[in-house]
Amino acid sequence: MTDNTPRNSLTLLGLGDMGTALARTWLAAGHRLTVWNRTTAKAAALAAEGALVAASPAEAVAANGLVVVCLLDDASVGSALDGVDLTGKDVVNLTTGTPAEGRARAAWAEERGARFVDGGIMATPTMIGAPEAGGYVFYSGSRALFDTHRAVLEVPAGARFVGEDAGHAALHDVALLSAMWGMFAGISHAYALIEGEDIAPKDLAPLLSEWLGAMGFFVGNAAERLTSRDFTSGVVSNLAMQVTGTGTMLRTAEEQGVSTELISPYVDLLRRRLAADPAAHAGEDTVGALLLLKR
């Protein structure tokens with residue numbers, strides 16, 4: 001450090017690709033960082049950049065009040081911190097997990113005298129430390145912990161607090177990722193349809209991107225309808241029409257020699273909703289079919 005600005009100190013457990021990216025942004029911002037990794041060789045490069053390397057999780061946790069965990073999975077968190085004194089510590093868990101794991105880990109931390117926040121990282125390692133990339137992290141759990149350390153947490157990526165239920169960060173994370181995977185499936189199917197035709201993927205790409213952007217209205221529309229449970233007001237393309245239209249999509253795939261496995265589940269959902277009560281559901285927006293997903 002070349003100035004007299006106070007810097008926060010913290011501990012980071014886990015130096016995989018994401019953990020290393022997080023570490024480098026904190027070091028670059030002048031934070032005093034203690035790191036630990038099961039494979040000690042991964043800490044060598046960070047030591048050269050100014051990180052303090054702890055020999056054990058217990059040593060790393062003892063070094064600072066703020067402890068950030070970014071390991072492989074929830075079981076790894078339990079294993080690394082088994083027997084470690086967490087009394088008075090602020091634990092931020094950025095390990096990918098489920099909502100249930102986040103809630104259970106919060107209770108586990110509180111039983112050991114620690115405050116706890118769970119996180120869901122909406123970024124790849126290359127997006128960490130690059131504000132222009134748009135990455136951010138969902139946080140949920142102790143609001144007091146989040147407010148105390150927000151400035152530190154915002155160094156690698158934006159921070160979005162989504163509630164004191166410790167499971168909500170993971171739930172937001174997986175909800176967005178699930179939508180992303182659905183989009184990936186649709187895009188993959190679209191490209192498969194033109195495979196072998198005199199249509200270059202690069203020529204379809206801008207049309208596909210433009211069309212998906214135009215269909216973005218569905219996000220807000222679905223939220224409004226699921227909140228009000230009104231699936232019939234102002235419907236432009238009703239369920240009966242959409243179900244009929246799916247036949248064309250499926251036949252086209254067959255003609256092109258393309259499996260329908262990426263789109264059939266959604267088509268089946270629409271058909272089930274209509275078949276359940278044609279008179280009641282024919283005029284609905286397709287959003288009503290989403291109710292069938294909840295067991």
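The legends below describe close-up views of a predicted model. Local features need pLDDT of at least 70 and side-chain atom pairs count only at pLDDT 80 or more, while totals for chains, interfaces and linings use all residues. Residues are numbered from 1 along each chain as its sequence is written, and side-chain values use heavy atoms, with hydrogens and water left out.

View 1. Eight strands form an open sheet with mixed pairing, in the order S3-S2-S1-S4-S5-S6-S7-S8. The edge strands, each pairing on one side only, are S3 (52–53) and S8 (158–161). Strands are DSSP runs (E, at least two residues) and helices are DSSP runs (H or I, at least four), numbered from the N terminus; two strands pair if DSSP finds at least two bridges between them. Strands of a sheet pair through backbone hydrogen bonds, either parallel or antiparallel.

**View 2. Strand S7 beside strand S8.** Four bridges link S7 (residues 136–141) to S8 in the parallel sense. Gly158 in S8 stands opposite Tyr136.

**View 3. Strand S6 and the helices packed on the sheet.** Helix H5 (residues 99–111) touches S5 (90–93) and S6 (115–122), and its direction makes about 150° with that of S6. Helix H6 (residues 143–153) lies across S1 (9–13), S4 (66–69), S5, S6, S7 and S8, at about 50° to S6. Contact means heavy atoms within 4.5 Å; axes are lines fitted to C-alpha atoms, for helices over the stretch in contact, and angles run from 0 to 180 degrees between N-to-C directions. S5 and S6 run parallel and are joined by four bridges, with Phe116 in S6 as the bridge partner of Val91. Of the eight residues of S6, seven are buried (under 20% relative accessible area, with exposed over 50% and partly exposed in between; 1.4 Å probe, protein chains only).

**View 4. A nonpolar surface patch.** Leu177, Trp181, Met183, Phe184, Trp211, Leu212, Met215 and Phe217 form the patch, with about 810 Å² of accessible area together. Helices H7 (168–194) and H8 (201–214) each give two or more residues to the patch, and H7 supplies the largest share, four residues. Trp181 lies in H7 and counts as exposed because its relative accessibility is 56%. Patch residues have over 30% relative accessible area and no salt bridge, and nonpolar side chains (Val, Leu, Ile, Met, Phe, Trp, Tyr) are joined within 5 Å, like charges within 9 Å. A salt bridge is a side-chain nitrogen of Lys or Arg within 4 Å of a carboxyl oxygen of Asp or Glu; accessible areas come from the Shrake-Rupley method with a 1.4 Å probe, and for residues only the protein chains shown count as cover.
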